[in-house]
Amino acid sequence: MRESEIRQIVREALSNVAPEVDLDAIDPAKNLRDQIDIDSVDFLNFVIGLHKELGIEIPDADVPKLGTLNGCVAYLQSRMKGS
Amino acid sequence: MSEFRMPSLGADMEFGTLVDWRVKSGDRIKRGDVVALVETEKGVIEVEIFENGVIDSLIVQPGQKVPVGATLAIVRSDGKTAEVQPAPAAAPPSEAKAAVEELRPATVAPPTELPGRARVSPLARKRAQELGVELSAVTGTGEAGSITASDVEKAAAAKQGAPVAPPASAKGLDLQAMRRVIAATMARSKREIPHYYLATTIDMSKGLNWLAAENSRRPITKRLLYSALLIRAVALAACEVPGMNGFWIDGAFKPGEGVHVGVAISLRQGGLINPAIHDVDKKTLDELMESMLDLVNRARTGHLRSSELSDGTITVTNLGEQGVESVFGVIYPPQVALVGFGKITERPFASGGLVGARPMIEATLSGDHRVSDGHRGGRFLRAMDGLLQEPERL
């Protein structure tokens, strides 16, 4: 799967938990939760959304790697290559 | 004849302003009835009468400020023949009357409507007009099924959350209307409910360690958040300690049927909703977690159900993620308790003569003093603390 496809899936997963957020206004290198007001329940829904879309199991210890949009893309890409 | 006088509502009170009468000439009154609302420096106070009889005449008019001891009304005490005048036919409330009505708690003033028609209090009628609620669609919970302002507010809130908005979008919410409902509800809470507030600091180390161990072996879809532990602890403590779970309706406490925990959810567009997770006391932690994820997601996308917006029996608000240390919340009427949580922070903790650092959370209780008191509230917080020290039981 290409990086652009993964990025699109990440954006969709985020949009599902925060439909009112303008995704283009998000800096992909900065922490998501600092930029948009999502709480831990939203964030877990977001991570579960990624898991359901891509079929990748995301261990609890890896969740901090998903803090930024770029981080999400990099992590998911590495997991897909590894699997 | 006897005189009903401006009471002294505290040693420092010299004057009081009569805000409104709850009675009119000819009304029969009995000992303990609230007959007037009086404003003092301490706020608006409901003034009771301590004799049985009939109101002969009202001397002081609403808006008048009089000294303590001034005669407010003349009362014909029982034992004398008193001709009770027939109640006048109900007339639509005038603007001024409605404005005064707004100062009254919604539980008073049994409406005098013609039989066969839905009984609606003037305040409820006014609210319905403001909030665009169809009265025929509102279920009354007041005396003899009458519609109270709170019923109208609930119906309006349910309307806000009901999936009438465009699908999969919370953007269709009328935030101004929601703000008005919040304003009305919170103003009513602060006007009617004598809140008391208690705070305690709870050691979360056992809970967090247990969670970390659980989560390390759970798939992502079964992951637990610490807020689920908190909500479960609130529900179980509410089963253990009476007077926290339920409603204050028509001057009495009615225990909730089931523990439906309202969760305060702040909407990013502005506004706040308080949908309930049903039967938290009977759910496993996994079921609760599933309900939480689902409920928050539906709150974000405008798919809440009306039962979720009307069934809450106790509310939890967790502002820890906003960095808040303690929350002293406003009770959501007609509920009688609200539990607030702040953020988990490492604090020095002394145990067995040694000082260490532990993750601590401040839990607060806003209680309704008409139903419970600080002693009971303290037991409730202690029960919660105890439950959180045995997370495997939650």
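This is a predicted model: local features need pLDDT of at least 70, side-chain atom pairs count only at pLDDT 80 or more; totals for chains, interfaces and linings use all residues.

Trainee: Where is B:Pro348 found?

Mentor: B:Pro348 sits in strand 18 of chain B, residues 345-351. Setting aside neighbours within four places in sequence, its contacts are B:Val355 and B:Ala357. B:Arg358 is 10 residues away in sequence, with 6.4 Å from C-alpha to C-alpha.

Trainee: Now B:Asn274. Is it buried or exposed?

Mentor: B:Asn274 counts as buried, because it has 22 C-beta neighbours inside 10 Å. The threshold for buried is 20 or more. B:Asn274 lies in the loop between strand 14 (272-273) and strand 15 (276-277) of chain B.

Trainee: Which residues is B:Asn274 in contact with, leaving aside neighbours within four places in sequence?

Mentor: B:Gly262, B:Ala264, B:Gly312, B:Thr315 and B:Tyr332. Take B:Thr315: it is 41 residues from B:Asn274 along the chain, yet their C-alpha atoms are separated by 7.7 Å.

Trainee: On to helices. How should I read one?

Mentor: An α-helix has 3.6 residues a turn, so residues three or four places apart point the same way.

Trainee: Which residues of helix 1 of chain A are buried?

Mentor: A:Ile6, A:Val10, A:Ala13, A:Leu14 and A:Val17. They cover an arc of only 95° around the axis, so they are on the same side of helix 1 of chain A. The face turned away from that buried side carries exposed A:Ser4, A:Glu5 and A:Gln8.

Trainee: And helix 6 of chain B: how many of its residues are buried?

Mentor: 12 of its 15, so helix 6 of chain B is mostly covered. Among the buried residues are B:Tyr226, B:Leu230, B:Arg232 and B:Ala238. Helix 6 runs over residues 226-240 and reaches 21 Å from first C-alpha to last, close to the 21 Å expected.

Trainee: What about sheets?

Mentor: Strands of a sheet pair through backbone hydrogen bonds, either parallel or antiparallel. In chain B, an open sheet of four strands has the order 1-8-6-3, with antiparallel pairing. Its edges are strand 1 (2-5) and strand 3 (28-29), each pairing on one side only.

Trainee: How many bridges join strand 6 to strand 8 of chain B?

Mentor: Five, between residues 53-58 and residues 71-77. One pair to find: B:Ser57 has B:Ile74 of strand 8 as its bridge partner.

Trainee: Show me a hairpin.

Mentor: Look at strand 10 (residues 246-249) and strand 11 (residues 252-255) of chain B, which are antiparallel over four bridges. B:Trp248 stands opposite B:Phe253. Two residues lie between the strands of this hairpin, and B:Asp250 takes a positive phi near 50°.

Notes:
Residues are numbered from 1 along each chain as its sequence is written. Chains are lettered from A and ligands numbered from 1 in the order in which they are written. Two strands pair if DSSP finds at least two bridges between them. The arc is that of the directions from the helix axis to the C-beta atoms. Two residues are in contact if their C-beta atoms, placed from the backbone, lie within 7 Å. The expected span of a helix is 1.5 Å times one less than its number of residues.
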